[in-house]
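Here is a short report on one protein model. Take a look at the structure first, then read on.

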Amino acid sequence: MSNATTALYRIADAASAVDDMQAFYATMHQIVSDLVVADNFHITLYDEARQLTNTPYEVDSVNPGQSDPQEWEPLGNTGTGYVLRTGQFLDMEKLQVVIE
């Protein structure tokens, strides 16, 4: 079984047993970290009807504590906004160029 397949099974197992969302998000971070370097990891929720985002889980070595997990914010001109609007991968080294 490939690493990706194993990760998908682990995600399914975690999702079927979730009772604490923060612990679930941390488990997702660990699973992704087992596949790729994920020192910086964000989970962002998107409310398409309201065009708002919420980041309930964030590990950021450069800008820790940037997001309030209770706050919904406009999609705006952000990296997340770019990905949702275009459906394209975003190279974070080029982020400033893309959102300006």
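## The sheet

Strand β1 pairs with strand β2, which spans residues 52–59. The pairing is antiparallel and runs over six bridges. At one point along it, Asp47 stands opposite Leu52 in β2. Keep in mind that this model is predicted.

The whole sheet has three strands. Their order is β1-β2-β3, the sheet is open, and the pairing is antiparallel. Which strands stand at the edges? They are β1 (41–47) and β3 (73–74). Each has a single partner strand, so one side of each is left without a neighbour in the sheet. Strands of a sheet pair through backbone hydrogen bonds, in either a parallel or an antiparallel way.

## The overall plan

The protein has four helices and three strands. Read from the N terminus, the elements follow the pattern α-α-β-β-β-α-α. The C-alpha atoms fill a box of roughly 40 × 30 × 25 Å along the principal axes.

How much of the protein is buried? Buried residues make up 23% of its 100 residues. Now consider contacts between residues at least 6 apart in sequence. Of these, 19% join residues at least 24 apart.

## A helix across the strands

Helix α2 covers residues 21–35. This helix lies across β1 and β2. Its direction makes an angle of about 65° with β2.

## Aromatic pairs

How many aromatic pairs does the structure hold? There are three. In one of them, the rings of Tyr25 and Tyr57 have their centres 6.2 Å apart. Their planes are at 50°, so the pair is tilted. Tyr25 belongs to helix α2 and Tyr57 to strand β2, so this pair ties together parts that are 32 residues apart in sequence. Tyr25 counts as buried, at 9% relative accessibility. Tyr57 also counts as buried, at 12%.

Tyr57 takes part in another pair, with Phe41. Here the ring centres are 6.1 Å apart. The planes are at 70°, so this pair is edge-to-face. Phe41 lies in strand β1 and Tyr57 in strand β2, so the parts tied together are 16 residues apart in sequence. Phe41 is buried too, with a relative accessible area of 13%. Why does that count as buried? The cut-off is under 20% relative accessible area, so 13% falls in the buried class.

Together, Phe24, Tyr25, Phe41 and Tyr57 form one aromatic cluster. What does Tyr57 touch, leaving aside its neighbours within four places in sequence? Its contacts are Gln22, Tyr25, Ala26, His29, Phe41, His42 and Ile43.

## The nonpolar core

The largest nonpolar core has 10 residues. Among them are the aromatic residues Phe24, Tyr25, Phe41 and Tyr57. Ala7, Ala14, Met28, Ile31, Ala38 and Ile43 also belong to this core.

Which elements each supply at least two residues of this core? They are α1 (3–16), α2 and β1. Helix α2 gives the most, with four residues.

## A charge over a ring

One more feature involves Arg50 and Trp72. Arg50 lies over the face of Trp72. The distance to the ring centre is 5.2 Å.

Note on methods. Residues numbered from 1 in each chain as written. Predicted model: local features only at pLDDT ≥ 70, side-chain atom pairs only at ≥ 80, totals over all residues. Heavy atoms only, no water. Pairing = 2+ DSSP bridges. Contact = heavy atoms within 4.5 Å. Axes fitted to C-alpha atoms, helices over the stretch in contact; angles between N-to-C directions. Phe/Tyr/Trp six-rings, centres within 6.5 Å; stacked < 30°, edge-to-face > 60°. Buried < 20%, exposed > 50% of the residue type's maximum accessible area, 1.4 Å probe, protein only. Lys NZ or Arg CZ within 6 Å of the ring centre and 35° of its normal. Core = buried A, V, L, I, M, F, W, Y, C linked by side-chain atoms within 4.5 Å.
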